[in-house]
Amino acid sequence: MTTWPPTLDELRADLQVPDGVTDDDPALQACLDAAVTFVERVRSDVDFAPHPLGKAPGADLALGTLRLAGRWFTRRRSPDALISMGDLGSARVPSFDPDIDQLLRVGRFARAVVA
């Protein structure tokens, strides 16, 4: 069973941050808090409130939220969307990740809404 919202420890594990390295924890927590808020806002069709039977949003939402937070944490080092790769030059960092969009069902993977 997944928990909602994802925790800092889950994000650190997903990013493979070594134990004992806590220098980036405040920035990681800020990115995680922002990702949780974003997901709760754009996925208003999901009940994020604690449920008496222990039901939580699906594992896809939890993993997508962790990956989104990790992506935002990594992108903070490349505000111009470019990363330096030393002798290889630079590479462009795309502004979206289709895998994350698919996990969260946002962007082009959002369910159609009939008004």
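Me: Which residues form a nonpolar patch on the surface?
Reply: In this predicted model, the patch consists of Ile83, Met85 and Leu88, whose accessible area together is about 310 Å².

Me: Is Thr65 buried or exposed?
Reply: A residue is called buried when its relative accessible area is under 20%. Thr65 has a value of 0%, so it is buried. This residue is part of helix H3, which spans residues 59–75.

Me: Which residues does Thr65 touch, once those up to four places away in sequence are set aside?
Reply: Thr65 touches Trp4, Pro6, Ala35, Val36, Val39 and Leu104.

Me: What is the nearest side chain of opposite charge to Asp101, and how far away is it?
Reply: A salt bridge requires a side-chain nitrogen of Lys or Arg within 4 Å of a carboxyl oxygen of Asp or Glu. For Asp101, the nearest side chain of opposite charge is that of Arg108, 6.2 Å away. Asp101 is buried yet has no salt bridge.

Me: Where does Asp101 lie, and which residues does it touch?
Reply: Asp101 is located in helix H4, residues 98–104. Leaving out residues up to four places away in sequence, Asp101 touches Phe96, Val106 and Phe109.

How values were computed
Residues numbered from 1 in each chain as written. Predicted model: local features only at pLDDT ≥ 70, side-chain atom pairs only at ≥ 80, totals over all residues. Heavy atoms only, no water. Helix = DSSP H or I, 4+ residues; strand = E, 2+ residues; numbered from the N terminus. Buried < 20%, exposed > 50% of the residue type's maximum accessible area, 1.4 Å probe, protein only. Contact = heavy atoms within 4.5 Å. Patch = residues over 30% accessible without salt bridge, like charges linked within 9 Å, V, L, I, M, F, W, Y side chains within 5 Å. Areas by Shrake-Rupley, 256 points an atom, 1.4 Å probe, with all protein chains shown as cover. Lys, Arg positive; Asp, Glu negative; His and termini not counted.
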